[in-house]
Amino acid sequence: MKRWTFSHILALLRSFFLIIFACIFLFILLDFLFPFPKDALKRDPTIVLIDKDGKPIRFFLPRDEHWRLPVELEEISPDLIEAVIASEDRWFHYHPGVNPFAVIRALYTNIRAGKVLSGASTIPMQIARLSDPKPRTLLSKLEEAFRALQLKWHFGDDELVEIYLNIAPYGGNIEGVGAASYFYFGKSPRALSPAEIAMLTVLPRSPSTYDPTAKSLEAMKARNHLLKQLANRGIFKEITVREAMKEPVPKRRKNPPFIAPHFAQFVFGKFRDKRRIETTLDTSIQKIAEGAAKGRIGELRRQGIDNLAIVVIENGGRHVRAMVGSSDFFEKHYSGQVNNALARRSPGSALKPFLYAMAIDRGLVIPATFMLDIPTDFSGYIPKNYDGKYRGRVTMREALIRSLNAPAVRLLASVGLEDFHKMLRDGGLITLDRPVLQYGLPLILGSGEVTLLDLTNLYATLAEGGVHRPAGITTKGTADYEEKEIFPPEASYLITQILTELGRPDMPSPIWELTRDVPQVAWKTGTSFGHRDAWAIGYSGRYTIGVWVGNPTGRGQKGISGSEHAAPLLFDLFRAIEGDGAKPQKPMGLKLSTIEVCKQSHMLPTPFCTERVRVTYIPGKSRIPMDNYSKQVFVDPETGDMLLGDCIETRPSQTRIITTYPPELVAWWRAEGREVPSVPPLSPFCKDVPPQLSPRIVSPDKTTPYRVLLGTPHEYQKVQLIARASPEVERLYWYQDGKLVASSRPDARLFIPLEAGTHNLVVVDSSGRSDSITYEVEGKDDEVLLGDSK
């Protein structure tokens, strides 16, 4: 027998270490040549949207349609981690990826039994198999073992456990313990009970066999067996296991959350590259808004209005707290999946507060400024009020409260269309993206298109003193945005004061009743061209709420209006969300004051103004002109005629204060048949003063018979408007049957179409003097109106 010497032992050890070194070298070489496909471990997650309190509101599947809610190890219950290691790979922390003792044991057991009874898979081996599934052959097992060694080489133990728990199958298209915890138990992996831990530990072994929703008995049996095993291995106490075994297994999977579907889709479209999106949604406010929408939609549909939309923004931070895109997301007949909160619609009169705020900022008006509400011709465009009536002279405050169109268009012409358009764009109304001249002056009446979200946010700018920020849909959505002041706080406050008045003269009494117990809020309505859209937007000290009602198809509905159809829903929302509410507060440090003005004109008083009132204005900004209504003239005490020039010295005279009004206003008043005090006529003794004659209508001629003629194109059948006027007259205003039909210089060539009937024609010059005639045009109502003039 050969004796073992020290040199023999040394040689044997040398050979052993040489083999070990060769194996290590071979492994490193193979690892270099065939690196582990780490990308297979990075699977697209389910995108999770959560509300402001961290509760999930919507899941969006990745392309392979697997539910995955990846979690970090710190988010998983330590008991679950221990249970997985104890049951799947007891020696996980000690072997290099493959457990040779487990392999030998499994081989011995399976050979003795003549069939497969035991496996030797470690956690790294299971990860390798899950990352690259293949048929179970000896070759695939060897590759699996090699990949397991690579995993152990490149990753730490904690990383491997985290990877395994995030890719393990849990039945159907549920992958990972995060998704499994939610869908089976409605919990996070850190909040699982021992029974739930055991169920999720055993389920990946055979998801179809142990599916608790399909095979509850098999699932419970496997779970309870594992619980006993975990008790034996010291993971759980015996009493804990006994209680856990009494718990039932889940009978059905939890449905994924489906809250605020329109809002969720909007956010997902903006941030689909993020795994977890923290939104600004307030689920409680969203439910209130959805409930209010369902409560009103029936009544609206009975009136031919198909759908609605709601946006709620919290002013501080400008967070979107609720968005309802339609009354019911699943209503196909009413286009329920269309998000009407983001649809481009005509805002009607809802832009007027911003024009008035801009005009106040520029010093053009104050709330007490008198404005003309009369027919005004802008190159053929004559704006009309919603009710078809004009009121003559109104204050700016009244013009905004009544939402009068004519004063607003006149003011826009003074402010400047381009500047107003730019301000709206700066305020976030980015859908006003056409060249400004395509909108024209009707922009203030809704010739452009805006979205409910953008418009509501611009009203929130008024609520925050004129400081603009974009609406935030995620908690970090506007963090990098630099605030800009669209309106000064003084202008914003004055507009807010006007919009807060509850007693709206133009509001139907049933709607006014709805506002009586509403929190004191500032609000405005709008109705679009063609009766397609109705709006109501309001703001309190805390929230701004926007409501749109209409038809998603763009179909008009006669009689639709913001005050009657959108405002009631707005008031419902303020009651439900705020209760007593928080009315808009007056900001500190406003540079406002009051000033004395002439009562008749609301202009700075002259010595001839006897009655005066005080009005609010912005010192250093508001440009209030001197009063030109009250004038002192000299009159002949015998005749009452006005004296001018040298005849003041040659005739007895006395002073008299007279009141004059803007010529346009006088012209409209007289066209309406209203008695207007005239300036005293010039005394015939004043022969050195050029005569100031009233205008005289020359054409049409009241004695000439006019007739529409058949067979002649309508555009050629017109009558010319001609009037003789004094040389000093700058402009003539023509009214037919109470409607402005033209205004121009006295020498301009003007024509109007002939229309069958008897017509009253009035011309008024720029000094307020007038003439009128009545003329007739013969013809039948059912004939095309044609005619000629002499």
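Guide: A polar contact is a pair of N or O atoms within 3.5 Å; within protein, one must be able to donate a hydrogen and the other to accept it. Please keep in mind that the structure above is a predicted model.

Visitor: With which side chain does the side chain of Thr544 make a polar contact?

Guide: The partner is the side chain of Asn315, at 2.6 Å. Thr544 itself belongs to strand E14, which spans residues 543-550.

Visitor: Is Thr544 buried or exposed?

Guide: Thr544 is buried, because its relative accessibility is 0% and the term applies to values under 20%.

Visitor: May we turn to charged residues? How many salt bridges does the structure hold?

Guide: The general idea is that side chains of opposite charge can pair when their charged atoms come close. In this structure there are 38 salt bridges. One of them joins the side chains of Glu196 and Lys187, with 3.1 Å from N to O.

Visitor: Are Glu196 and Lys187 buried, partly exposed or exposed?

Guide: Glu196 has a relative accessible area of 10% and is therefore buried. Lys187 is partly exposed, with a relative accessibility of 31%.

Visitor: Which parts of the chain does the salt bridge between Lys599 and Glu611 tie together?

Guide: In that pair, the closest N and O atoms are 3.9 Å apart. Lys599 and Glu611 both lie in the loop between strand E15 (593-598) and strand E16 (612-617), so their pairing ties together parts that are 12 residues apart in sequence. Lys599 is partly exposed, at 44% relative accessibility.

Visitor: Where do Arg651 and Glu638 lie?

Guide: These two side chains also meet in a salt bridge, at 3.8 Å from N to O. Arg651 is in the loop between helix H22 (647-650) and strand E19 (654-659), while Glu638 is in the loop between strand E17 (630-635) and strand E18 (642-643), so the pair connects parts 13 residues apart in sequence. Glu638 counts as exposed, with 63% relative accessibility.

Visitor: Which residues are linked in a network of salt bridges?

Guide: Arg43, Asp64, Arg68 and Glu175 are linked in such a network.

Visitor: Which residues gather in a patch of negative charge on the surface?

Guide: A patch of this kind is made of residues that have no salt bridge and over 30% relative accessible area. Here the patch consists of Glu72, Glu74, Glu75, Asp158 and Glu159. Among them, Glu159 sits in helix H6, residues 157-167. Glu159 counts as partly exposed because its relative accessibility is 42%.

How values were computed. Residues numbered from 1 in each chain as written. Predicted model: local features only at pLDDT ≥ 70, side-chain atom pairs only at ≥ 80, totals over all residues. Heavy atoms only, no water. Patch = residues over 30% accessible without salt bridge, like charges linked within 9 Å, V, L, I, M, F, W, Y side chains within 5 Å. Areas by Shrake-Rupley, 256 points an atom, 1.4 Å probe, with all protein chains shown as cover. Salt bridge = Lys/Arg side-chain N within 4 Å of Asp/Glu carboxyl O. Lys, Arg positive; Asp, Glu negative; His and termini not counted. Charge placed at Lys NZ, Arg CZ, Asp CG, Glu CD. Helix = DSSP H or I, 4+ residues; strand = E, 2+ residues; numbered from the N terminus. Buried < 20%, exposed > 50% of the residue type's maximum accessible area, 1.4 Å probe, protein only.
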